[in-house]
Amino acid sequence: MRHNKKFNHLGRTSSHRKAMLANMACSLIKHKRIATTTAKAKALRVYVEPLLTKAKDDSTHSRRVVFNYLQNKEAVTELFREVAQKIADRPGGYTRILKTGFRLGDAAEMCIIELVDYNENMLTTKAAKKTTRTRRAGKKAAAPAVEAAPAAEVKEEPAAE
């Protein structure tokens with residue numbers, strides 16, 4: 001039976017897994033983006049998102065709880081000072097996983113995990129997408145004009161040939 005086996009053990013002992021996830025979380029907080037395998041990124045997302053939620057409330061208790069997980073003073077300071085201000089109005093979903101292909105050595109599926117509010121390229125393209133129309137809206141709005149225009153063009157083209 002598989003009772004209480006919901007998370008990925010990543011082929012490591014409990015202490016190794018906790019240390020690895022703490023190190024990856026510190027790197028993610030410091031660098032805002034890291035490249036890793038997809039399995040590790042999914043495990044890291046489950047590990048780091050509750051810490052980011054804790055960082056919204058800057059109290060001594062929250063800092064101690066987060067420090068208990070990360071064991072890195074610089075990462076905790078960065079998290080509570082800069083990252084928490086950027087994610088203050090976001091209700092959740094602080095990380096994004098972008099798949100990048102497969103590693104050459106062992107064909108492991110690789111990805112980039114990043115903090116959503118720190119990717120400037122995605123934020124600017126999101127604003128550009130709002131100005132474009134979707135295909136469905138384009139068909140409804142342009143349907144009467146499209147029907148009239150091709151009929152006139154079709155009559156002119158055979159006469160020109």
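Colleague: What relative accessible area does Glu114 have, and is the residue buried or exposed?

Modeller: This is a predicted model in which local features need pLDDT of at least 70 and side-chain atom pairs count only at pLDDT 80 or more, while totals for chains, interfaces and linings use all residues. Residues are numbered from 1 along each chain as its sequence is written, and side-chain values use heavy atoms, with hydrogens and water left out. Buried means under 20% relative accessible area, exposed over 50% and partly exposed in between, with a 1.4 Å probe and protein chains only. Glu114 is therefore buried, its relative accessible area being 1%.

Colleague: With which residue does Glu114 meet in a salt bridge?

Modeller: A salt bridge requires a side-chain nitrogen of Lys or Arg within 4 Å of a carboxyl oxygen of Asp or Glu. Glu114 lies in strand 3 and its partner in strand 2, so the pair ties together parts that are 18 residues apart in sequence; helices (H or I, at least four residues) and strands (E, at least two) are DSSP runs numbered from the N terminus. Salt bridges with shared partners join Arg33, Arg96 and Glu114 into one network. At an N to O distance of 2.9 Å, the side chain that meets Glu114 is that of Arg96.

Colleague: Which residue forms a salt bridge with Lys32?

Modeller: The structure holds eight salt bridges. One of them links Lys32, in the loop between helix 1 (14–31) and strand 1 (33–37), to a residue of helix 4, 46 residues apart. Lys32 counts as buried because its relative accessibility is 15%. The closest N and O atoms are 2.6 Å apart, and the partner is Glu78.

Colleague: To which residue does the backbone nitrogen 3.1 Å from a polar side-chain atom of Asn72 belong?

Modeller: Asn72 is found in the loop between helix 3 (60–70) and helix 4 (73–86), and is buried at 16% relative accessible area. Leaving aside residues up to four places away in sequence, Asn72 touches Cys26, Lys30 and Phe67, contact meaning heavy atoms within 4.5 Å. The backbone nitrogen 3.1 Å from a polar atom of the Asn72 side chain belongs to Glu74.

Definitions and conventions:
A polar contact is a pair of N or O atoms within 3.5 Å; within protein, one must be able to donate a hydrogen and the other to accept it, and residues adjacent in sequence count only if both atoms are side-chain atoms.
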